[in-house]
Amino acid sequence: MSLTISNNQLSSLAANFGTPLYVYNADKITDQYNQLQKSFTEVNAKFFFACKSLTNINILKHIRSLGCNIDCSSINEAKLAALAGFEPANILYTSNGIAFEEIEETVAMGINVNIDSLSNLEKFGKKYGHDYPVGIRLQPNIMAGGNLKISTGHEKSKFGIPLEQLDNILALVQQYQINIAGLHVHTGSEIKDVSVFMQVADIFFDLVPLFPELVFIDLGGGFKVPYKENETGTDIPLLAQKVNETLQKLKDTYNKKFQVWFEPGKYLVSESGTFITSVNVIKNNKAATFVGINSGFNHLIRPMFYESYHKISNISNPDGPIKNYAVVGNICETDTFAWDRPLNEVREGDLLVFHNAGAYGFEMGSNYNSRFLPAQVMLKNGQVYLIRKRDVFEDLLRNQIEIDW
Ligand code: PLP
């Protein structure tokens with residue numbers, strides 16, 4: 001198993017498949033999953049890969065082959081999961097502001113569902129009564145996460161049913177005899193602090209007696225992965241230990257064993273991904289030396305969207321003197337990947353590589369400026385697989401209807 005991809009291999013992939021190019025190392029995904037499993041051996045835990053982070057069917061199949069389950073945020077993700085071979089019992093769907101018809105489709109698929117509004121909970125109760133076990137997503141009033149845009153548990157967040165509305169939830173459960181099988185909270189992404197998960201566990205602790213049919217508590221995803229050189233991620237063994245203590249306490253207090261569910265996205269796939277780009281132009285002005293690459297926020301939006309940091313390496317000149325650059329894309333808005341970033345001297349034609357780009361990279365890509373989406377390549381068992389072709393011109397017109405005026 002090889003957890004890193006050498007610069008030579010990245011250069012040869014760029015030569016073979018062109019740039020911009022997303023490369024995913026399946027071994028790294030396997031290793032991340034194994035780390036989780038190893039840490040949680042004592043705990044009755046189930047992991048659902050938050051596939052919104054990366055949905056290529058080959059990645060999904062690889063993750064299924066590891067024995068991991070899958071978390072979906074749309075009916076189409078759920079259908080992709082089924083296509084990748086996940087059994088309905090291993091698919092979780094956490095809805096967010098969607099029409100009730102979509103929830104009906106998930107029930108028809110027989111998958112696990114978390115509901116996040118009183119309105120849909122009521123419709124669910126009316127239609128299914130006690131027949132279909134369901135989870136509810138709560139909003140715990142906790143501010144956590146790497147950036148406001150990826151913080152989902154605070155009081156101004158649109159996600160989940162606010163805890164203050166617990167009485168309304170209980171009234172609906174009573175009225176329609178809804179079978180509440182799970183409680184769910186996802187406070188946000190990039191949560192390093194284990195105590196945030198434990199705050200949620202404490203909330204659940206008090207709620208448990210109110211829902212006698214409860215089977216699982218779902219602490220969501222959001223484990224932090226290190227993006228910067230000296231950063232550390234969420235302490236997974238510590239999290240496992242604390243969660244184990246909570247489950248034990250629940251058992252001692254309520255004489256009942258619960259399962260804990262997690263929905264990691266970034267943790268499983270972020271570090272597996274590398275994004276290779278080429279330098280188109282170098283431009284100097286008073287403010288900076290701009291490195292213009294053959295990509296933009298249409299391929300990797302995280303820096304522009306929520307100021308995320310990606311380590312960048314110039315693999316064409318790894319021993320060059322260090323200089324400071326602004327790395328920018330070619331989209332017609334401000335399109336900055338990094339400002340004042342020390343890099344080995346950059347020349348036109350060099351390959352600049354973005355690390356830790358597996359999650360929410362390609363997945364949030366678009367054809368903005370009528371640019372092509374990049375190709376995706378997967379490395380597995382020493383083999384290289386092209387898992388998505390680069391767009392071609394016809395793709396830009398696909399689904400457009402040209403009227404003969
Ligand atoms: N679960 C839910 C409900 C989410 O909304 C998200 C991310 O948006 C995740 C899990 C995965 O988060 P992460 O990729 O940070 O683990």
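Let us start with helix 2 (residues 26-39) and helix 3 (residues 57-65), which in this predicted model pack against each other at an angle of about 40°, their axes lying 10 Å apart. The crossing of helix 2 and helix 3 is right-handed.

Setting aside its neighbours within four places in sequence, T30 is in contact with M1, H62 and L66.

Now move along the chain to another pair of helices. Helix 8 (residues 194-207) and helix 9 (residues 236-254) have axes that come within 10 Å and cross at roughly 10°. An angle under 35 degrees counts as roughly parallel, so helix 8 and helix 9 are described in that way. On the helix 8 side, the contact is made by V194, F197, M198, A201, F205 and D206. Helix 9 answers with L238, L239, K242, V243, T246, K249, L250, T253 and Y254. This contact of helix 8 with helix 9 holds ten nonpolar residues, two polar ones and three charged ones.

From here we can turn to the interior. In soluble globular proteins, nonpolar side chains tend to be buried together. The largest nonpolar core of this model has 100 residues, and the members that touch the most others are F124, I180, F211 and V243. Helix 8 supplies the largest share of this core, with nine residues. Another core lies apart from it and has 13 residues, including L21, I315, V353 and A375.

What surrounds F211? Beyond its neighbours within four places in sequence, F211 is in contact with I136, L166, I169, L170, V173, I180 and L183. I180, like F211, is one of the core members that touch the most others.

Our last stop is K266, which lies in helix 10 (residues 266-269). Is K266 buried or exposed? K266 is buried, with a relative accessible area of 3%. K266 and K52 are 214 residues apart in sequence, yet their C-alpha atoms are 9.7 Å apart in space.

How values were computed: Residues are numbered from 1 along each chain as its sequence is written. This is a predicted model: local features need pLDDT of at least 70, side-chain atom pairs count only at pLDDT 80 or more; totals for chains, interfaces and linings use all residues. Side-chain values use heavy atoms; hydrogens and water are left out. A nonpolar core is a set of buried Ala, Val, Leu, Ile, Met, Phe, Trp, Tyr and Cys residues joined through side-chain atoms within 4.5 Å. Buried means under 20% relative accessible area, exposed over 50%, partly exposed in between (1.4 Å probe, protein chains only). Helices (H or I, at least four residues) and strands (E, at least two) are DSSP runs, numbered from the N terminus. Contact means heavy atoms within 4.5 Å. Axes are lines fitted to C-alpha atoms, for helices over the stretch in contact, and angles run from 0 to 180 degrees between N-to-C directions. A crossing is left-handed if the near helix is turned anticlockwise from the far one by less than a right angle, and right-handed if clockwise. Angles under 35 degrees count as roughly parallel, over 145 as roughly antiparallel, 65 to 115 as roughly perpendicular and the rest as oblique. Ala, Val, Leu, Ile, Met, Phe, Trp, Tyr, Cys and Pro count as nonpolar, Asp, Glu, Lys and Arg as charged, and the others, Gly among them, as polar.
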